Amino acid sequence: MNADACVPEIEIAGVTKQYGNAQTVLESIDLIVAKQEFLGIIGPSGCGKSTILKLIAGLAIPNSGTIRVDGMTPQNARETISFVFQDATLLPWRTVKENIGLGLELERIPKNRRENEIAALLELVGLKNVARAYPRELSGGMKMRVSIARALATNPRLMLLDEPFAALDEMSRDHLNEEILRLRAEQNWTAVFVTHSVSEAVFLSDRIVVLAPNPGRIHAEFRVELPAPRTSAIRNSREFDAIVARVSHTLRETLRP
Amino acid sequence: MKRQAITALNALAVFAALVALWQIVLWVFHVPPFMLPSPWAVARAVGARFPLLLNALAITAEESAGGLGASIVFGVLVALLFAQSRWVRKMLYPYTLLLQTVPIIAIAPLILMWMGAGIFAVTFIAFIISLAPIIANTTQGLISVDENLVHLFLMHNASRAQLLFKLRLPNAVPDLFVGIRIASGIAVIGAITGELFAGSSRVGEGGLGYSILYASSQLQTDYLFALVLAATVLGFGFLFLVMFLEWYFLHRWHESARAPEAE
Ligand SMILES: Nc1ncnc2c1ncn2[C@@H]1O[C@H](COP(=O)(O)OP(=O)(O)O)[C@@H](O)[C@H]1O
Ligand SMILES: [Mg+2]
């Protein structure tokens, strides 16, 4: 093992965040995410989940405390980070192919390499037959696939996902969850996944952090010890239900004044 | 396209009904022809002076198109400037409102005095009057970009130029077309207004505005009607052209530009 592997992917130490003079959104957050860990973040809405992701991405600046991504400042680490937003946030004037290639294009990767990469990704996320369609012609689930393919195109080491499947029906959501795990097994990125679905968090995560609101702070942490290749069958297991029950209970605690 | 054909047929039916109504009014109220000529008399006037009419139409069309084209180019440039900072917008935006509120009738004689009467001055008037909607709509489109999309671009360390040309500008195209649609009608009005003041270098020959003045001074009411009709046709022609271009460029990705199903 080289020394590099000992640096955690994300190190958040004593971070406080406040927008302008408004109420404090996040208060003294300490959080370490190991390389190749899948961290789920769950909490009531408005408790600062999106803000944490934005801080990690360097899209928001903390008022105090430090954030390191792979030992670097978030801004310097951006090349290794991909962000997936709740709505697919596709460019409506671009076809599926052109949307997937956006990041590569902005990073000025030559066209022939881009084309190869896009072709592989279309295959990977099962969008080959709609490569030339425009976003408005796609279902919500397909749009999300495009968004994920776009995020994977730049070979990220860290994926930040902000409630990516919140707007989808349960079936597409379950299906995409399985796909996320398959993609991660192939590509070994680290993930921070925000959701407000407990079962989604349990299914995906190695560890779950529960946030409490006003001000946003870490309330509890769970390790999810489920057997390694997680298949859809796991959702019906007793261990799965037990963890879901425990996390749900803790989540309800955060809502009490 | 079938829908468009039906819409066109409907419009034609309304037109026929209006002409019939016009003729009936003449019969019932015995209006003298110098006040309201019959549809037939107007058609005859069109036939008799067709080359002259066409010439007037061409002059006005040229001025309107020139003014509109200039206002698109200049308006987009101004909008790009406005999109750079809130500060610039705050400082300069009131002046675009001024463009919109200054009565063109009042400044047309001034412009003609400064620039000399002629096609160029009239084009300039069409340009001035059609500028505001282009600036306002394009600016709106440039600045109202989904915040997440901006974040997405920032995550790839996008340059200012990339943000502008790959995000803000394409985002503004539908708004630009809204602006052009509004401006196209105004440009024709501007050109005709300009011509009313500009006169012509040769007696009896000039754009629609000039010809309307001339026909009215000669009490050629049938020809006057023909000219008004031509002005309307010109306005419609512009609008249809713009709408076609809008459909052509936007229908594949933008909601508003699809064939109108839900109205
Ligand atoms: N850009 C911003 N400016 C001001 N307040 C913000 C901004 N973004 C988020 N907030 C506020 O911070 C709080 C937490 O927001 P967010 O991180 O989006 O919560 P969550 O994702 O958990 O729902 C909310 O009260 C929200 O109103
Ligand atoms: Mg959120």
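Where in chain A does A:Asn214 lie? I found A:Asn214 in the loop between E8 and E9 of chain A, taking helices (H or I, at least four residues) and strands (E, at least two) as DSSP runs numbered from the N terminus.

I noted that this is a predicted model, in which local features need pLDDT of at least 70 and side-chain atom pairs count only at pLDDT 80 or more, while totals for chains, interfaces and linings use all residues. Residues are numbered from 1 along each chain as its sequence is written, chains are lettered from A and ligands numbered from 1 in the order in which they are written, and side-chain values use heavy atoms, with hydrogens and water left out.

A:Asn214 counts as exposed at 55% relative accessibility (exposed is over 50% relative accessible area, buried under 20%, partly exposed in between, with a 1.4 Å probe and protein chains only).

Entry on chain B. I found a positive phi near 50° at B:His30 as well; B:His30 lies in the loop between helix H1 (2-29) and helix H2 (39-48) of chain B and is exposed, with a relative accessible area of 67%.

Entry on the sheet. I traced an open sheet of six strands in chain A, ordered E5-E6-E7-E3-E8-E9 with mixed pairing, where two strands pair if DSSP finds at least two bridges between them. Strand E5 (81-84) and E9 stand at the edges, each with a single partner strand, so one side of each is left without a neighbour in the sheet.
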